[in-house]
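Biologist: I would like to learn how to read a model like this one. Could you take me through it feature by feature?

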Amino acid sequence: MMNRTGTDIQIAICGSAGDGTIASGDILKRAAALMGFNVIAFDVYPPEIRGFGKCISRVRISSQQSYSLKQNSDVLISLNDTHAIPHVGEVRDFGAVIYDDNLIANVPEGGHISGHIHPAQIPYGFSIRQISEQATNSARSRNIVILGYLAELFDLPREHFRKIIRDKFATKPRAVTDDNIKAFNAGLLAGSGVFKLDDVVVQKVDAKGNGADAEMMTGNGAVARGFMEAGIQCYFGYPITPATSIMERLAVEMPPAGGKFLQTEDEISAIAAAIGAGYAGTRAATATSGPGLALMAEMLGLGVMAEVPVVVVVSQRGGPSTGLPTKTEQSDLNLAVFGGSGDAQRIVLAPTNVEGCYRCAGRAFEIAETYQTPVIVLIDLYLSNRYETVIPSAHKQFAAKPRVPLAPNGDGAFKRFELTENNISPRAIPGEEGLMHTVTGLEHNELGRPNDAIHMDMNTKRHEKLKPAVNFPGLTVSKRFGDEGKVKVGILGWGSTFGEILETMYEAQAEGISCAAMKVVMLSPLPVESIAAFFADCDEILVPEVNYEGQFANIVCGALGKPVSRLNQTNGAPMAVADILAEVRRLSGKKPKTGQSDTFTEAAL
Amino acid sequence: MASPIHHVIIGSGSAGFGAAKTLRAADQNCRVTMITMDSLPFYQRYALPQIFRGRQDWRELLEVPPAKYDELDIKLRRRTRVVEVDGSNQIISLAHQETVAYDRLLVCTGGRSYLPENLTSQVDLIHSFGSYEAAMQVFKDLPKGGSVIMIGGDMIGIDLALTLLDSGYKVTLIANQQTFWPHDLTAKQQKPLLKALEAKGMIVFSDSRPIGVSDKCTNSATRCVTLEDTTEVLGDVVLSFCGLSPAVEFMLGADVDIERGILVNPELRTSNETIWAAGDVCQIWHDTEKTYKFYHGWKNVRMMGELAARNMLGGHDIFDVNVEDQIGVEPDGQLKSTFWTH
Ligand SMILES: Cc1cc2nc3c(=O)[nH]c(=O)nc-3n(C[C@H](O)[C@H](O)[C@H](O)COP(=O)(O)OP(=O)(O)OC[C@H]3O[C@@H](n4cnc5c(N)ncnc54)[C@H](O)[C@@H]3O)c2cc1C
């Protein structure tokens, strides 16, 4: 069982768009990472651009590895009471609620957050706006004042905050940094002498703290980082939430590294260009979301048929159609695994955390090149926007290996699609002398010439060649956690939900339920053997997914022919640990436990 | 359906808490809101000296667990200061610019520790003991076995002083007219009582007034109090216990009669039909003595809160407690006071 000692706190900052909520959360998480803590953070933005809507930044800071956000926050900071009031219930008993108790405008009864704080929560009111104005002549630094107050109240190292503040505003005029440092110091002063009544404790990080090596990354940032480390050469993309920040990052980083970056007119041209570049022998990729993948489906079929390596990142959001563009969901699994015409199996990888995004994206090119096929890296909004501390590898583990040139074979006689023992054919790059060959979306023979008669053999080759991918070196394709041997309940999961699944498993174990969990990273081809072994050990199998149809459960049931219990939710929020735990308890025959109510899922909407 | 009656109680001490519970017990439908400057739910202030006996966790001092407020549907608004009561329009203004409307209001704001006027400029050097946070600050700033200089020494202070002596600390008492408050004693009446305190190990100065507090001390002490006769009393912490002055300033526009405290009739109703007052903040009309009197001590105060609540719901109960103002020394040397009820 996991030993949950040391620091493990979650701070939620809630404000309106324009209040600097996300910036403040950003400084907090980076400062915490610099202190050596493990950090997981997730921001919720309004769909509108600015001026309206609720923003929440949740930052979990822990001295041990954690896997998802916590159900209840330990601290809530309000920069806007109207938005923060529905989240007061998220704060645990004896946790803290920090707010401005010196408003400039009258509010009606119930309009101030102090009227909503539960008797077991600790109120900390202070003049946030006034202090900001006194320190910087502007109320805009309220988001930094609260960080000073927080640092003082929980005795967090001040210099780490100051460093991150300086870094954050380094590109702005000097006065901006100075004002924010002043605001931070003013917040510190406001917090000094405040008697701490809550029981939220931040311990000093021990020597194992990885502050210096760890980097804060979002899932999208980690994908871009993985791509860069793999030496991506061509990127073609069309912006779409929540994938856009991948291309924004690559647009900045690729050209100086010699890469080619192009924003195309739509998703169809993006994938077409990427397949073209892959065919030409470069490491090429695109990134999109569900609606974009739907448009790309036909071209992906060409990639499968023509056996072209290409990497496609898909960050899912609520669907179908335009759906819920700023909310998370795991409902494009069917499209990623099966989408398109014909039997077009491709490789689909679904990382479960930010580090996984980095590793899957980095490794995807090598896998695509090895099996000569498109590889989809399937993530979602929760993972795309979630921050975690990642320690990137020191050596270039994703770099392309030098190509072994093929012997010229006489133009027209080169068997680009040769039926070999391992079903992988020799691959020539266009322009290589003596290796000219035909490539087409039509079914073709070994030479690449159109041919219907060989369809069965070629289908077999295209499917069979992928099977060994489940043993691809340097990639965790599936992994079991928790109790070994026979267990009462096994939780099977994929993608971003696996963090909540692991947290659930540890909670269930703490309650005495024998429990294990398995993450499946390679969704196509499916690592059937390891899943079957897991099934054999578990009395009950639970598959929680943030989709309505139980898409993964359907795939697994189809592959193994065994029933599973499903837990499906589509409310735009990540799945709550409490909900998974309730199912685990039910399956284990344990009575439901009453406790602090779970308002996170509802409030997170 | 008519909206339920909104009872608002200002103050969450003994009086306010007793009233809230009584209101809820008698009327399941009314709204009860308790507004307080305290950060914590109700705890007995008389238990604060227990901090020196190892009870530092505030949760141990609570009279009821926090969840009880939800169970009783009592809305507790903490860290919230009332700055004004508009008695004609029945509206309360809070310091953070929120307004709260009430149907019936009960004021239970107690009293604040009174500081002799000549020492007000040195208030930063004098610790207070009126809340959990303040008491904990004293606990933190007082080294183990350290010494406390107590100015005045009302009954609240004496209780603390005896606990401190018992716990291995030193106490120097600079007595004045407020020593043994709320008992109103002459210097002569105080003498045997002070002697009893000396017998318990307290150092007592009774002939000279303090004129200044300083943190620039001759030896390792962090505080020194200078007396009129130039004596310098050294210690680690200075506390002033000179009785309480009722917290009424926010009631000035409330359309109620105020003398030192809020004046109420024996039913604890003020001169405003919709406002009642209870606890240390109010002076109750005494029909025989034909005067308004304060009644201190948590038991009296609790009784007042409960009585006011019953009357807010239409009752006509009378506060006719006859508190004897008695203090003396028992044969075993212990002080015995009618105020001192734990
Ligand atoms: C340290 C200490 C020891 C004591 N020991 C004893 C003892 O041994 N025996 C005994 O019988 N009595 C003792 N007492 C006295 C007794 O506790 C008091 O008589 C009693 O606490 C008074 O209760 P109350 O409800 O009237 O006011 P308080 O308990 O003083 O409560 C006043 C309340 O009003 C609130 N308030 C004040 N102004 C405002 C405002 N403007 N807006 C919002 N809220 C406001 C405060 O936050 C507080 O909640 C002691 C008191 C103290 C402080």
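**Backbone, burial and contacts**

Modeller: Start with K290(B), which sits in the loop between β19 (282-286) and β20 (291-293) of chain B. Helices (H or I, at least four residues) and strands (E, at least two) are DSSP runs, numbered from the N terminus. This is a predicted model: local features need pLDDT of at least 70, side-chain atom pairs count only at pLDDT 80 or more, and totals for chains, interfaces and linings use all residues. Residues are numbered from 1 along each chain as its sequence is written, chains are lettered from A and ligands numbered from 1 in the order in which they are written, and side-chain values use heavy atoms, with hydrogens and water left out.

Biologist: What is the phi of K290(B)?

Modeller: Phi of K290(B) is near 55 degrees, a positive value in a residue other than glycine.

Biologist: Is K290(B) buried or exposed?

Modeller: Begin with the cut-offs. Buried means under 20% relative accessible area, exposed over 50%, partly exposed in between (1.4 Å probe, protein chains only). K290(B) has a relative accessible area of 53%, so K290(B) is exposed.

Biologist: Which other residue has a positive phi although it is not a glycine?

Modeller: L268(B), with a phi of about 70 degrees. L268(B) lies in the loop between β17 (262-264) and β18 (275-277) of chain B. Its relative accessible area is 0%, so L268(B) is buried.

Biologist: Where do I find cis peptide bonds?

Modeller: Check omega. From G319(A) to P320(A) the bond is cis, with omega near 5 degrees. P320(A) belongs to the loop between β11 and α11 of chain A. From W181(B) to P182(B) the bond is also cis, with omega near 10 degrees. P182(B) is placed in the loop between β10 (170-174) and α5 (187-199) of chain B.

Biologist: Now a helix. How many Å should α10 of chain A span?

Modeller: The expected span of a helix is 1.5 Å times one less than its number of residues. Helix α10(A) has 16 residues (290-305), so it should span 22 Å; its end C-alpha atoms are 22 Å apart, which agrees.

Biologist: Where does α10(A) bend?

Modeller: The bend at a residue is the angle between axes fitted to the seven residues ending there and the seven starting there. In α10(A) the bend is about 50 degrees, at A297(A). A297(A) is also one of the buried residues of this helix, which include L293(A), M296(A) and L300(A).

Biologist: What covers the buried residues of α10(A)?

Modeller: The cover includes α9 (267-279), β10 (284-288), β11 (310-316), α11 (333-338), β13 (374-380) and α14 (455-464) of chain A. After the helix comes E307(A), with a positive phi near 55 degrees.

Biologist: Contacts next. What does G95(A) touch?

Modeller: Contact means heavy atoms within 4.5 Å. G95(A) is in strand β5 (residues 91-100) of chain A. At a relative accessible area of 0%, G95(A) is buried. Leaving aside neighbours within four places in sequence, G95(A) contacts D74(A), A120(A), Q121(A), I122(A), D198(A) and V200(A).

Biologist: Where is D198(A)?

Modeller: In the loop between α6 (174-191) and β7 (215-218) of chain A. D198(A) is buried, at 7% relative accessible area. Apart from neighbours within four places in sequence, its contacts include F94(A), G95(A), Y124(A) and F154(A).

Biologist: Which polar contact joins D198(A) to another side chain?

Modeller: A polar contact is a pair of N or O atoms within 3.5 Å; within protein, one must be able to donate a hydrogen and the other to accept it, and residues adjacent in sequence count only if both atoms are side-chain atoms. The side chains of D198(A) and K196(A) are joined by one of 2.8 Å. A polar atom of the D198(A) side chain also lies 2.9 Å from the backbone nitrogen of V200(A).

Biologist: Last, the ligand. How many residues surround it?

Modeller: A residue is near a molecule if one of its heavy atoms lies within 4 Å of it. Here 32 residues surround the ligand, and the closest are T36(B), D38(B), R45(B), D280(B) and W298(B). A polar side-chain atom of D38(B) lies 2.7 Å from a ligand oxygen atom. For W298(B), a backbone N or O atom lies 2.8 Å from an oxygen atom of the ligand.

Biologist: How much of the ligand does the protein bury?

Modeller: Accessible areas come from the Shrake-Rupley method with a 1.4 Å probe; for residues, only the protein chains shown count as cover. Taken alone the ligand exposes 990 Å², and the protein buries 94% of that.
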